[in-house]
Amino acid sequence: MALLAGAAIAAPKPMRVMSVNQCADQLIMLLLPPDRIASVTYLGRRAAVTPALAAKARGLKANQGLTEQALTDRPDLIVAGLYTTTTLRTLAKRAGIPVMELEPAEDFDAIRAQTLRLGEALGQQARARSLVARMDATLAELKRTAPPQPIKAIGWTGGRGVVGRRSLFDAILTAAGGYNPVADQDAFERTLDLEQLLSLKPQPDVLLYASGEPGGLAGPDNTRHPALVRAYGPRRLSYRQDAYQCGTPLAADEAVALRRSMLAAMRLPKVGLP
Amino acid sequence: MRAAITLISAAALAVAVVLSILVGSVWMSPRDILHGLTTPGPDLASLIVLDLRAPRTLLGLLVGATLGLSGAVLQGLLRNPLADPGLLGVSSGAAFGAVAAIYYGLASHFFFAAPLLGMVGALAAAGLTYAFGRGGTLSMILAGAAVSGLGGAGVSLALNFAPINAAYEIMTWLQGSITDKTWDHVKLALPLIPLGWTALGFTGRGLDALALGEVQAASLGVSLNRLRLVALIGVALSVGAATAAAGAIGFVGLVAPHLVRPFVGHQPRRTLLPSALFGAALVLLADVASRLLRYNGEEIKLGVLTSLVGTPFFFWLVLRLRRTAP
Amino acid sequence: MTILAAENLTVRRGGRAILDGVSARFEGGGLVAVIGANGAGKSTLLAVLAGLLKPDDGVVSLDGEPLARIEGRALARRRGFLPQSPRAEWPISVERLVMLGLTPSLPAFGDLPAELKPSLDRAIADCDLEAHRDQPVTTLSGGELARAMLARALVGEPEILIADEPMAGLDPRHALDSMTRLRGLALAGRMVIASVHDLTLAARFAGRIIALHQGRVVADGAVRETLTPDLLRLIFAVEAQVRGEGQGAYVDFAAPA
């Protein structure tokens with residue numbers, strides 16, 4: 001859902017947009033030509049989800065989400081996340097720069113709504129509609145070719161627990177034809193330690209775990225724990241955490257990739273435990 | 001009395017080892033375990049016991065004994081009941097090394113980057129402490145404090161600049177835990193820890209003589225410089241490896257010597273073995289408790305638990321010292 | 001016979017000579033009292049004689065061999081040392097404390113070898129500590145602690161005993177007791193060198209007096225020859241003289257000089 005902070009938006013079609021949130025980075029890079037992007041976050045510029053976005057990001061200016069940068073740069077609109085500092089929001093408002101907040105989009109309906117709304121605010125309705133149409137077509141194709149039995153898959157965060165239902169991860173997993181047999185209906189994450197994970201009955205078909213950004217950081221080491229390797233063998237698949245963090249139309253492509261790697265893993269022998 | 005405390009601590013340790021193998025988030029009866037271990041091929045019981053609980057137990061034993069032993073040696077060497085293995089800067093050196101490995105992402109490429117760099121950090125810290133602090137007990141304590149400060153500053157610096165995932169991982173590591181440790185962690189710590197223990201074991205006679213103060217000890221032919229060096233090497237090797245493998249686990253090294261000292265007539269040499277046994281029992285029991293004390297299903301970290309339990313003891317110690325001090 | 005010889009000892013601290021060319025030779029039995037005002041260099045001289053402090057210049061040798069060349073434990077077996085007001089750092093028992101005196105003869109591991117047990121018993125008996133054997137040393141009175149420390153210094157039966165102010169902090173009765181014990185040891189053939197603050201005790205018990213003044217030996221010899229009014233005036237800046245003989249000797253202070 002997109003919220004417009006106050007009715008202070010003077011320009012109906014903002015010319016230059018600054019993003020101070022990693023997920024907003026991806027969305028405005030998808031929706032806007034480079035000359036209309038004032039800056040994106042240094043994190044968003046570094047961690048590019050697709051090669052196309054990476055190429056686009058290279059030419060852009062980076063910001064550290066600092067209030068001073070926003071005030072000196074004077075963009076026509078700031079797109080922020082829920083956790084953007086109040087200082088930046090207050091001062092930007094005082095300086096007459098409108099701030100638009102993006103809530104995390106945790107499923108495809110939310111992605112659709114948020115993309116269209118942001119497209120409208122940026123005056124890029126056509127571009128937003130075509131991104132959404134492409135996403136919907138991909139999702140329909142995934143549904144049409146879904147495996148007859150959902151693949152039982154668990155996203156293990158390493159040490160702490162499994163990814164729950166109310167998450168973008170679960171939306172992507174479901175679209176890919178997977179099914180999480182343990183996640184609670186409304187939990188973001190359910191605690192499950194290594195012993196409990198190993199004792200799950202029946203044992204899930206594949207184990208998914210997050211890997212870090214390229215050159216960046218992975219989760220806790222025990223996603224590579226020898227006991228897991230012994231129990232799941234090659235049916236341990238890593239997914240790129242950064243790609244599962246932001247609800248953009250690209251999430252459908254992640255579902256396609258996940259479907260492919262899960263199906264490949266299903267063709268491998270199941271190690272399992274007696 | 002003296003044999004009794006060794007027996008009691010050995011018995012406590014044996015109980016702790018059995019509990020550590022038996023207790024977990026998944027209940028398995030001794031019969032399941034026995035069955036799993038005696039039948040060939042992997043099954044759930046053998047996987048959980050051999051791959052999860054056994055390395056965790058052995059590592060806890062090594063770490064706890066190291067903390068108890070080096071705490072006893074340092075309290076004897078410095079004749080300070082508040083001395084603990086972190087005093088010479090070794091733990092914070094190990095912490096800094098491991099945190100640097102996590103910060104630079106080495107840990108995600110190479111499984112053992114954190115413990116390995118932790119050991120390098122511990123040895124470097126010990127070298128620094130020795131370079132600045134040799135020649136006197138007070139200068140050794142001061143140099144240790146300075147090196148600890150340096151390590152702490154390094155850790156804070158890394159936290160300052162670390163991306164959120166790395167910061168989370170650093171925090172987790174700093175809290176200290178033997179959960180989900182593997183045989184590889186044990187293998188990594190195993191060569192250095194007994195080496196350190198051996199060095200520490202040779203300090204007994206000198207520590208006894210130090211009960212008379214430094215001048216009399218020196219007059220009895222004890223080389224204080226050599227004693228300090230041997231103790232530092234022992235602490236660097238064993239505490240360095242233990243911290244590198246398990247993170248910082250506080251208070252065990254402080255508490256264990258106090259628990260056994262009255263039973264051995266306060267003789268420093270005789271506190272060493274029971275203190276090591278008690279330290280191992282304490283760490284294992286705390287680890288078992290950490291598996292049972294869950295909040296929202298999540299384990300409390302071992303280092304957090306030992307600090308929570310150890311702090312009241314510290315207060316008690318301070319009160320007692322205040323009462324008995326002249 | 002044991003010979004401890006100091007030649008031309010000089011110790012400097014911060015540009016000041018604490019010992020300045022001290023030479024002395026000690027042979028066989030007899031209680032030697034080192035006297036001098038505060039800061040005269042008594043403690044420093046004893047530490048150097050004991051091999052605990054390396055002089056900046058000069059050499060101390062034991063039977064012709066420089067102390068620096070004698071291995072620490074070997075030296076410790078031949079020479080006992082008692083610092084001023086020794087304290088125990090842990091509440092160990094008296095027996096354990098005395099046993100620590102055997103450290104230079106103990107193996108690296110294990111308990112007291114059986115052949116050393118008689119020495120331990122003897123030292124405890126000689127210093128009248130039987131009743132306190134298992135008592136924690138931290139609960140002893142000042143006099144008892146002094147006896148325990150003496151027993152600790154004697155248990156290894158060293159040829160030489162060097163004691164820094166063995167009577168410091170003791171009441172008259174215990175001070176007399178300590179001096180009697182030290183003289184007894186000396187008469188039994190041991191070399192005993194002690195710094196003594198109390199001139200009356202020195203006059204009564206010592207066979208030989210070494211007087212230090214500003215780091216130099218200003219007198220060395222029998223009590224009668226050394227403790228003269230001139231010497232006392234020089235080193236203590238008081239008018240005083242020794243009256244009486246032997247066990248009846250005392251130092252009569254008249255007035256500041």
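Buried area is the accessible area that two parts lose on being put together, summed over both. The views below show a predicted model.

**Figure 1. Buried area and contacts between chain B and chain C.** About 2,300 Å² is buried between chain B and chain C, and carbon and sulfur atoms give 59% of this area. On the side of chain B, the residues that lose the most area to chain C are R205(B), Q216(B) and L220(B), which together make up 29% of what that side buries. The contact brings 27 residues of chain B against 29 residues of chain C. Of the 2 pairs of chains in contact, chains B and C share the most contacts. Chain A and chain C, by comparison, do not touch, and their nearest C-alpha atoms lie 42 Å apart.

Figure 2. Salt bridges between chain B and chain C number 3. In the salt bridge of R269(B) with D111(C), the closest N and O atoms are 3.8 Å apart. Polar contact links 10 residue pairs across the interface of chain B and chain C, with both residues of a pair at pLDDT 80 or more. At least two residues of the side of chain B that touches chain C are supplied by each of α3 (44-78), α11 (204-209), α12 (214-219) and α15 (268-292) of chain B. Helix α12(B) provides the largest share of that side, 4 residues. By residue type, the side of chain B that touches chain C consists of 10 nonpolar, 10 polar and 7 charged residues.

**Figure 3. Strand β4(C) and its two antiparallel partners.** Strand β4 (residues 57-62) of chain C runs antiparallel to strand β1 (residues 3-13) of chain C, and 5 bridges join the two. Within this pairing, A5(C) has S61(C) of β4(C) as its bridge partner. Strand β4(C) is also joined by 2 bridges to strand β5 (residues 65-66) of chain C, again in an antiparallel arrangement. Here S61(C) stands opposite P66(C) of β5(C).

**Figure 4. The interface between the two domains of chain A.** Chain A is divided into domain 1, residues 17-138, and domain 2, residues 148-266. Their contact takes 21 residues from domain 1 of chain A and 22 residues from domain 2 of chain A. The two domains of chain A bury about 1,700 Å² between them, with 69% of it on carbon and sulfur atoms. In domain 1 of chain A, V49(A), E106(A) and F108(A) lose the most area to domain 2, together 32% of what that side buries.

Figure 5. The side chains of R134(A) and D253(A) meet in a salt bridge with an N to O distance of 3.3 Å. Polar contact is found for 2 residue pairs across the domain interface of chain A, both residues at pLDDT 80 or more. Helices α1 (22-31), α6 (108-122) and α7 (125-144) of chain A are the elements that give two or more residues to the side of domain 1 that touches domain 2. The largest share of this side, 5 residues, belongs to α1(A). The residues on the side of domain 1 of chain A that touches domain 2 comprise 12 nonpolar, 6 polar and 3 charged.

Conventions: Residues numbered from 1 in each chain as written. Chains lettered and ligands numbered in written order. Predicted model: local features only at pLDDT ≥ 70, side-chain atom pairs only at ≥ 80, totals over all residues. Heavy atoms only, no water. Pairing = 2+ DSSP bridges. Contact = heavy atoms within 4.5 Å. Buried area = accessible area lost by both parts, 1.4 Å probe. Salt bridge = Lys/Arg side-chain N within 4 Å of Asp/Glu carboxyl O. Polar contact = N/O pair within 3.5 Å; in protein donor to acceptor, adjacent residues only side chain to side chain. Nonpolar A, V, L, I, M, F, W, Y, C, P; charged D, E, K, R; others polar. Domains from an automatic or database assignment.
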